Amino acid sequence: MKRALQNIITQMNHYKRVTSNTFKINNYNEMKNRLLLLLTVFFLLFSCKKSIQPEIYIEHIEKGNNISALAQAALLTNVAAAIQTGGPAYAVEFCNLKASGITDSLNNVFNCTISRISAKNRNTENALVSATDKELWAIFEKGMVADTVVQLDEKLVFYKSIRTTMPACLKCHGVPGTDIDSVTVQKIQTLYPSDLATSYKLNDFRGLWKIEFSAP
Ligand code: HEC
C-alpha cells in the first residue's frame, strides 16, 4: 500500500512537471484540498487501470493536444464563416463535427477516433457513455486537470477539457432569449429537441475532447 502510494506520488510529480500549467495553486488550503483530490484521481486512474509508460503517456498527450487543436481550429473557422454569412441561426448546422468532414480527415491522417462529449449535451450522440467517461467528467468538472490519457483494454484514450472561452460560444450556448436570439433558439429546438447545452457563461466547463488511439 505504502509503495503503491509512493509510486503514485512519483508518477504524479512526473505528470505534474509535464502538465504544470494545468495545476494552478493559489494558497495552502486549496493546495491541500487539491492534493487530496489529486491522490484520489491518481488512484482512480492508475490503481484499477493498466498504467501507461511515461513516454507513451507524453506522446499521446502531445498527439491529443495537436489533433484537438486542429479539429477546434477547423470547426471554429467553419462556424465563424457561417455566422458571417447568415448569422448564428444559419451557423447552427455547422457545429456538427461529423457533418463538417473535419473528423473524417483527421481520423484518417492520425489513425484515431475523435469525438466531443458532454453531460449537458446538445446532440444526444455526444453523451457520456462509458464508466470512464463519467468518472473523468467528475474530475474535469472540478477543474483539476486540463487533459489526460488513460488506457482501456487495447485503447489509449485522450481527454481534454473544452471551455466556452469565446463570447461567440454564448450565441448558441448562453441564455436563450438574451445571449441566444429567438430565431436561433427555434432552430436549435427544431434540430435538437432534447438540447441541454444552454445557459453557459463565458469560460464555463462545456465538454471534453475524447480521442481514441489503438494502444501500441
Ligand atoms: C452557431 C451556433 C454555435 C456556436 C457559435 C457554438 N456552438 Fe457548440 N454546438 C452547437 C451545436 C448545434 C452543437 C451540436 C453539434 C452536433 O450535432 O454534434 C454543438 C455542440 C457542441 C459541443 C459537443 C457536445 C454537445 O453539446 O453536443 C461542444 C463541446 C460545444 N458545442 C462547444 C462549443 C464552444 C466551446 C463554442 C465556442 C468556441 C461553441 N460550441 C460555439 C452550436 C454552436
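A residue is called buried if 20 or more other C-beta atoms lie within 10 Å of its own, exposed if 12 or fewer do, and partly exposed in between, with C-beta atoms placed from the backbone. Keep that in mind for the views below. This is a predicted model, in which local features need pLDDT of at least 70 and side-chain atom pairs count only at pLDDT 80 or more, while totals for chains, interfaces and linings use all residues. Residues are numbered from 1 along each chain as its sequence is written.

Figure 1. Helices (H or I, at least four residues) and strands (E, at least two) are DSSP runs, numbered from the N terminus. The protein chain has 216 residues, and 24% of them are buried. Two residues are in contact if their C-beta atoms, placed from the backbone, lie within 7 Å. Among contacts between residues at least 6 apart in sequence, 70% join residues at least 24 apart.

**Figure 2. Helix H3 bends along its way.** H3 covers residues 54-91, and its end C-alpha atoms span only 41 Å, whereas a straight helix of 38 residues would span 56 Å at 1.5 Å a residue. That expected span is 1.5 Å times one less than the number of residues. Where is the bend in H3? Look at Thr85, where H3 bends by about 110°, with the proline Pro88 following within four residues. The bend at a residue is the angle between axes fitted to the seven residues ending there and the seven starting there. The buried residues of H3 include Tyr57, His60, Gly64, Ile67 and Ser68, and also Ala71, Val79, Pro88, Ala89 and Ala91. Glu62, also in helix H3, counts as exposed because it has 12 C-beta neighbours inside 10 Å. The C-alpha atoms of Glu62 and Phe158 are 9.7 Å apart in space, although these residues are 96 apart in sequence.

**Figure 3. The largest nonpolar core has 21 residues.** A nonpolar core is a set of buried Ala, Val, Leu, Ile, Met, Phe, Trp, Tyr and Cys residues joined through C-beta atoms within 7 Å. The members that touch the most others are Ile67, Ala71, Ile114, Val149, Val157, Tyr159 and Ile211. Two or more residues each come from H3, H5, S1, helix H6 (131-141), S2, S3 and S4. Apart from this core lies another, of 8 residues, among them Cys95, Cys172, Ile180 and Ile188. In soluble globular proteins, nonpolar side chains tend to be buried together. Not counting residues up to four places away in sequence, Ala71 touches Leu97, Ile102, Thr103, Leu106 and Ile114.

**Figure 4. A shell of 24 residues lies around the ligand.** A residue belongs here if its C-beta atom, placed from the backbone, lies within 6 Å of the molecule. Which residues come nearest? They are Cys95, Asn123, Cys169, Cys172 and Gly207. The elements that give two or more residues to this shell are H3, helix H7 (170-173) and strand S4 (205-214). By class, the shell has 12 nonpolar, 8 polar and 4 charged residues. Here Ala, Val, Leu, Ile, Met, Phe, Trp, Tyr, Cys and Pro count as nonpolar, Asp, Glu, Lys and Arg as charged, and the others, Gly among them, as polar.

**Figure 5. Gly207 sits in strand S4.** Is Gly207 buried or exposed? Gly207 is buried, because 24 other C-beta atoms lie within 10 Å. Leaving aside neighbours within four places in sequence, Gly207 is in contact with Arg116, Ile117, Ser118 and Ile162. Its C-alpha atom is separated by 6.9 Å from that of Arg163, 44 residues apart along the chain.

**Figure 6. Ile52 lies in the loop between helix H2 (28-47) and H3.** Ile52 is partly exposed, with 19 other C-beta atoms within 10 Å. Leaving aside neighbours within four places in sequence, Ile52 is in contact with Tyr57, Val149 and Gln151. The C-alpha atoms of Ile52 and Val149 are separated by 8.5 Å, and the two residues are 97 apart along the chain.

**Figure 7. Asn111 and Asp153 each have a positive phi.** Phi of Asn111 is near 55°, and phi of Asp153 is near 50°. Asn111 is in the loop between helix H5 (102-110) and strand S1 (112-117), while Asp153 is in the loop between strand S2 (147-152) and strand S3 (155-163). Asn111 is exposed, with 10 other C-beta atoms within 10 Å. Asp153 is exposed too, with 7.
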